[in-house]
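Hi everyone, thanks for coming. Let me put the sequence and the model up, and then we can walk through a few spots together.

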Amino acid sequence: MLLYILGVVIIVVGLGVSIGLHEIGHLVPAKLFGVKVTQYMIGFGKSIWKKRKGETEYGIKMIPLGGYISMIGMYPPTKPGEEARESTTGFLNSVVTEGTKSVHHGSEDGHSAAITSLREAIEADPKLAEALRPEGLHVETHDQGEADIVLTGDDAPAKANYIASMVEEARQASAETIGEGEDSRAFYRLPVWKRIIIMAGGPVMNLLLAILLYAILLVGIGMPQSSITVGSVSECIRPATNASQAPCGPDDVAAPGAAAGLLPGDTFVSINGKPISEWDQIRDTISDSPGTALDVVVLRDGTEESLTMTPVLNERAVANDDGTIATDANGNTITEEVGMVGMSPTSELVRQPVTAVLPQVGDNIGKVVHMIVNLPSRMVDIWNAAFGSEERDPNGPMSVVGVGRVAGEIASLDTVPFVAKAQALIGMLASLNVMLFIFNLIPLMPLDGGHIIAAVYERIRRTLAKIFKRPDPGPVDAAKMVPITFGVVLIMGAMTLLLVYADIVKPVNLFG
């Protein structure tokens, strides 16, 4: 139990350090560029430790599911009485309809300001209109090219007020963070390239940490590889579709290796006079030689022994490049017929060159991207497993609870050497940092990628305005994305709760 707890603690601390470094990736460039940072926090919820240093409060909170830094002036304020900006798409005008009543911009109607704010939010992201369609909102386009926002139902004004208030409250909250004489230190005042550096700093920090951890894993510890030393010898050979663990029977094919006198611990020296330096040579030669006698020299207790074995044709499961078993479209194992002698090698850690680190990170990035792209279907599988009889996919997403559980099981395994445990835990932390890197770059608020996309859009918009000699459109009002942000947060929260529940009632089984 003590080792189990130690494994969980290692992962929790490692995740906390990863989150902390992510936020430092935001904090350092923000301070270098003169932005006032009021808070640097690891975790969410109630603070368990905090300390103010200068103008920034540093702290650790109870729930280790993320972190944040608070910068003043995240959203550009609007001036009192200022006319709403012109549409950036050119599709909407300033006419809004409530049911059957048209409310023009500047009307004395009590809800006109809220409706106008709602229109501005939809102009910033037309997808918002589609998202609100079930709530009674849609856009009507006239023959003249004009478009009206239509809210149906008796509660239409309340709907408009609700969405608009979210936008206005976010803008006001941002404005309130700017103290007297601090406007020049607001985040929105920075040039686009500086804002991109600040928001990209967190994910980049996770990427650098992943590279460091993979360097320790590959170059410092090494990766397990099959050696040229025999680990086990079977008495009989069975096809892959009937790989029973039962004792060999009279109808089973005798293993040529055992019949030739091969023993565990023997180290291959040569086959048919060709020197052996790696396991692939042994495997390929035996696979390609069914029915052909092979002259083998092995090293046993410091003495070379000569053996003759004849591989038999047998069915073997086909392996993918990543070592997993290949399956067809129906999920059945793909097999091939090759020569076999009935033995398996030992495994040893082989240190890799530095050049192997980045390809390994790139391979992990590809897997994470694939998982995120297929996240909706994977979450359906998680749901079916949590509330049905299906088993969890060992390569599927897990919550912090699931990751901690796996780490605890790895640390408590009695049959696994310490180095192998360390390798597994370091690999988990490296993969977690790759996940943090990719996930935070998703172009949706409130993730870092959403802020980066907003900055890039602003740069494009200002560049086009300059090219076509139009007035500077000013900074992008990211406050208009608050309703979308709210929806993303709800979806992420729901997925987290589902994963935590699944990891409790139907955890991933990696060890049988």
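**Aromatic pairs and a histidine**

Let's start with Tyr-501, which is partly exposed at 36% relative accessibility; that label covers the range between buried, under 20% relative accessible area, and exposed, over 50%, using a 1.4 Å probe and protein chains only. Before I go on, this is a predicted model, where local features need pLDDT of at least 70, side-chain atom pairs count only at pLDDT 80 or more, and totals for chains, interfaces and linings use all residues. Residues are numbered from 1 along each chain as its sequence is written, and side-chain values use heavy atoms, with hydrogens and water left out.

Rings of Phe, Tyr and Trp (its six-membered ring) pair if their centres lie within 6.5 Å; planes under 30 degrees apart are stacked, over 60 edge-to-face, and the rest tilted. By this rule there are five aromatic pairs. One of them is Tyr-40 with Tyr-58, tilted, at 5.7 Å centre to centre and 50 degrees between the planes. Tyr-40 is buried, at 9% relative accessible area, while Tyr-58 is partly exposed at 22%.

Last stop, His-451: buried or exposed? His-451 is buried, with a relative accessible area of 15%. Beyond its neighbours within four places in sequence, His-451 is in contact (heavy atoms within 4.5 Å) with Met-74, Met-199, Met-445 and Pro-446. Ile-198 is 253 residues from His-451 in sequence, yet 9.8 Å away in space, C-alpha to C-alpha.
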